[in-house]
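Keep the 3D view open as you read.

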Amino acid sequence: MLNHPSNLICLGLLILLLMWNKAACSPGDGRSIWQQPKPSPIIKNQTFLHDTFPSGFLWGSGTSAFQTEGAWDQDGKGASIWDSFTHSSLGGQFVRETATVASDSYNHWEEDVEALEHLGVKSYSFSLSWPRLFPDGNATGKPNAAAVAHYSFLLQRLLENKIEPVVTLYHWDLPQALQEKYGGWKNDTLVELFKEYAEFCFHTFGSHVKYWLTMHNPYLVAVQGYGTGVHAPGEKLGPSGFLVVAHNLIRAHAKAWQTYNRHFRPTQKGKVSIVLGSHWVEPQRGQATAANVALCQQSMEAVLGWFASPIFGEGDYPASLRITHGPLMPTFTPEERIWVQKTADFFALSFGPNNIRLGPSLVRYGQTVIPDLRRLLHWIKLEYGNLSVLVAEGGWFTDARVGTEDTVAIYLMKSFINQVLQAIKLDGVQVFGYSAWSLVDGFEWNNGYSIRRGLFHVDFSQLNRTRTPKTTAKYYRNIITDNGFPPDETAGEVKGHFPCKFHWGVADSTLQVSLFPFSPQFTDPHVYSWNLTGDGSLRPIPGAKLHTRPVQCSDYLAIRNHLRLFASTGATHYRFALNWSLILPQGDRSSVSTDTLRYYRCVLTELQKLGLEAMVIMYYPTHRAPNLGLPTPLHASGGWLNETTVEAFQDYAALCYRELGTWVRYWITINEPNRLIDVYSNAAERHRAAHHLILAHAKAWRLHEWEYNGEQKALISLALHADWAKPANPFLESHTAAAERFLLFELGRFLDPLLGTSYEKKQRTGKYPDEMKVYLQERARMMGLPGSALPSFTDEESKELRGALSFITLNHFTTRLVSPLPLTQGTFENRPAPDHDCLILSDPTWPSSNLGQALVPWGLRRTLTWVSMRYGRSLPIIVTGSGIDDQAPVEDKLRQYYLKSYLQEALKAYHLDRVNLQGFYVWKLQDRHAPQFGLFTSTQHQSKAKASINVYREIIAHSGFPDNSTKQPCEFSEQHQTCSTCEWMHQNKAMLVFGGCILMTAAVLSALVIFFVAEGRIKSWNQGKGKNRLYRRRRVKTAPVHFCPLVLY
């Protein structure tokens, strides 16, 4: 054979081609993507890009014939392998439903076109049914006229509506006749038969089609159809079977492309490709070692590279596949390598659940399969060159029970499409179109009808198969209308200052108390000798005693060090909590820890010496067993379910005011009572605990007003956890109502009884929100209960509650997507639901921390605005806790971005929304172990400042984000101006001590030198003076000189 002239020419061309490739093109560089830094959430546009797609971008949607057409035996259609698979026992293990009618798109194709018009798409991807056109599979025979007419009408209608057809020749529905006669794709006879089928389609429909796709996701055809038997035809041949099938599929595609290229391209000027499916994988634990990168590359080559390397590469399989499968791997002849290579005019990609869910079986040694379409597109560019790319299938699935309200699918669509935009704008990938899969619900292969992927819901129980747009259809239509994600006009920065008396704070939890002073110097009367016996021990000297004195604040060196650490941040206010159970171990005045109170008093006095202020929390719940931060006896008697705890708290508050009130201007009675009640197991307990917590706060507030306000004039509040709630589905009124209900249960439950609402003609304090009460009544009715478990306040309690808040205190960290739980009796019977009956979701496009906290700056502004609008602007609002975990020990870039962006939104709320915002406290001062929320790390008892401190200090120094042309309106005290010096001194203690020792040594040496020099001079002078005195005695003998004055009498 090799001696044939044509073969020799082909072999020579192959050698020249390989030499040219080696000289001019470097090998695929896809593996380098794992060695590049992953997109950072703090770099603009890396997590979510606000931008538009290129002009003329081909927005589309798609379906496949077998999944949607139905009419399985109508108008002369022949059976496909999937018809046989679903109607016989072959598919019984995997499929218990059929596509006999499916979406009935064969008869309702006009409604499908209307659905496309509703979306506003520019293209429609659909497949031709090979057994419908040729029931026996032989394209050299007479075609089914009804099928030809059907597809011709569809193509004509699409073009009339300016929708570009993207036509797939083969989407898994092989004629059953070919399976029975030849054994399907195992037989290479099908390569030629497919070429003839493709040639008929090009000839018959080609004048209406500019984009052809030969086959869809051949990986699944080979592996699932002939390897595992999960798909039709249900054969379980393993690698020996699916490797041959894949080989024939590649050759069949290449034959079809060559046919179009040779006979139809000159006149039709269309483009032909093949849809390849893939997953995406990241290295084990994110560690891009050479070994991990190699494993990731092998995983990609085992799926996408299996088909892409022969077609888009050098005409052969990846070397890793030959190593894996050895002699089982088929080989291309030299001639085949030439006519297989470069047989695609663009790269068509399928990215969806069918491949991604198979991903875990394709990884080794801990790699992670993730749905990262951007990284996959970038890998394709690096591996195969800068090709034009069509995302021919993009999307996910929902459970069939979801119906038209497919909320989660909205965010997956948003994520996938934005990843495509990032690939275009940031990575330079030439993506020219995106097809959202699928247009309508259909038969989902081995999943039957249990899952749905359509943008339009199909009611399979109705004969007319009614199409109803889902919320994803509405969302996709908006994206198409906007051609992407236009920039958010509210996202820009503002310039300006915060108020002059703004609280620049740092927040901590319960302050750790050390009841023993650092040094026993003034408390131990003994005098010790050291190392008398050579063992390094201290021994008291008998009979030697020293006078002692009581412990003083200066003895607690930990306090000074801690507060100097705080002062170095440049903050003006420090928020910390007292330990109720430590101050009153028995829960009442029968046992008061005076040592604990003395320690807190020392903290407050030392803060005052530094010119700094404290905001003190009386009760900081631990939110966990055993005692929730309560004194043990109180918790044992029922805790907040027992009204006696309310009186005990008032008694405790009185002690705090009396012992510490002189040094405290800002009190918080209870921190986050709305989180504390979550620990209770049922709604009745949660309502009762919340009721008692509100009363406890009010009693503490009134106590101060009546007995201590005249002298201390402190301001008192309670702090609420206040994350923003965004409706998860913007197209559903029920989600908007759920988000509002979430805020009412989280914030209104506690603030309405104290403040009423600003929109009421006459503020009705002392009552829970009306909306909350109505909802709970309806909830009780649905559960078959006589009424709501929500308590009511007595008239006396209502009076006590009225206005019992000096300022509004909020702890804000993130934003939640909120959707409603179905309000049915079954909902409550199956699992305990939160009082607000809301599901909490998160947007995958939001950047998030290692602990999963979403970073959503605009949520702070919306929270502040909501509170301000509901309760008015008369009371100041202070954010007493806000922060994010960052694993970086020093260069905490995530926290730096958090501080800048959240304070920007706070400034917008103050200036643009006129919110009476008076403070912002960063959570928190110092990490205890591993780096998390702290501004300082703490390793081996050494504190080290993180880079975010400089960011926070700079914002404080400028009192916000001023324009360069504006002047600083606030004058800071000298203590705050010198904080940077304080911090430098604190961080360089060892160097300063060493330098001080050197200076002291030099000073002592200098003093000694001066002393000895002066001593010598004095001696010399005295010796000279003695000689002169002797000489004068000899020369002058006169009356003695009197140095005393004369006294006249």
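**Spaces and helix pairs**

The lining of the largest cavity sorts by class into nine nonpolar, five polar and four charged residues. The model is a predicted one. The volume of this largest cavity is about 150 Å³. Its lining has 18 residues, and those closest to the centre are Trp-396, Ala-409, Met-413, Trp-437 and Arg-453. Two elements give two or more residues to this lining: H17 and strand E12 (430-437). A search of the whole structure turns up seven cavities of 30 Å³ or more.

Go next to the second largest cavity. It holds about 110 Å³ of space. Its lining is made of 14 residues. Nearest the centre lie Thr-63, Glu-69, Ser-105, Tyr-124 and Leu-154. Which elements supply at least two residues each to the lining of the second largest cavity? They are helix H2 (65-68), helix H4 (109-119), strand E3 (123-127) and helix H6 (145-160). By class, this lining has six nonpolar, six polar and two charged residues.

The largest pocket has a volume of about 1500 Å³. It is lined by 43 residues, and the closest to its centre are Phe-48, His-50, Asp-488, Ala-491 and Trp-858. Several elements give two or more residues to this lining: helix H17 (407-425), helix H18 (471-482), strand E16 (484-485), helix H30 (858-871) and helix H31 (893-911). H31 provides the largest share, with six residues. H17 is on the list for the largest pocket, and H17 is also on the list for the largest cavity.

The next stop is helix packing. Two packed helices are described by the angle between their axes and the distance between the axes. Start with helix H23 (residues 644-660) and helix H25 (residues 683-712). Their axes come within 9 Å and cross at roughly 30 degrees. Angles under 35 degrees count as roughly parallel, so H23 and H25 are roughly parallel to each other. The crossing of H23 past H25 is right-handed.

Which residues of H23 meet H25? They are Val-646, Glu-647, Phe-649, Gln-650, Ala-653, Ala-654, Tyr-657 and Arg-658. On the H25 side, the partners are His-692, Leu-695, Ala-696, Lys-699, Ala-700, Trp-701, Leu-703, His-704, Tyr-708 and Gln-712. By class, the contact has 11 nonpolar, four polar and three charged residues.

The other pair is helix H26 (residues 733-755) with helix H27 (residues 770-782). They pack at an angle of about 120 degrees, with their axes 10 Å apart. That angle makes H26 oblique to H27. The crossing of H26 and H27 is left-handed. From H26, the contact residues are Arg-741, Leu-744, Phe-745 and Arg-749. They meet Glu-771, Met-772, Tyr-775 and Leu-776 in H27. By class, the contact of H26 with H27 has five nonpolar, no polar and three charged residues.

To recap the two pairs: H23 and H25 are roughly parallel and cross right-handed. H26 is oblique to H27, and their crossing is left-handed.

Technical notes. Residues are numbered from 1 along each chain as its sequence is written. This is a predicted model: local features need pLDDT of at least 70, side-chain atom pairs count only at pLDDT 80 or more; totals for chains, interfaces and linings use all residues. Side-chain values use heavy atoms; hydrogens and water are left out. Axes are lines fitted to C-alpha atoms, for helices over the stretch in contact, and angles run from 0 to 180 degrees between N-to-C directions. Helices (H or I, at least four residues) and strands (E, at least two) are DSSP runs, numbered from the N terminus. Angles under 35 degrees count as roughly parallel, over 145 as roughly antiparallel, 65 to 115 as roughly perpendicular and the rest as oblique. A crossing is left-handed if the near helix is turned anticlockwise from the far one by less than a right angle, and right-handed if clockwise. Contact means heavy atoms within 4.5 Å. Ala, Val, Leu, Ile, Met, Phe, Trp, Tyr, Cys and Pro count as nonpolar, Asp, Glu, Lys and Arg as charged, and the others, Gly among them, as polar. On a 1 Å grid over the protein atoms alone, a cavity is a set of points where a 1.4 Å probe fits but cannot get out, and a pocket is an open set with protein on both sides within 12 Å along at least five of seven lines; lining residues have an atom within 4 Å of a point. Grid points are joined across faces, edges and corners, and a volume is the space filled by probe spheres set on the points.
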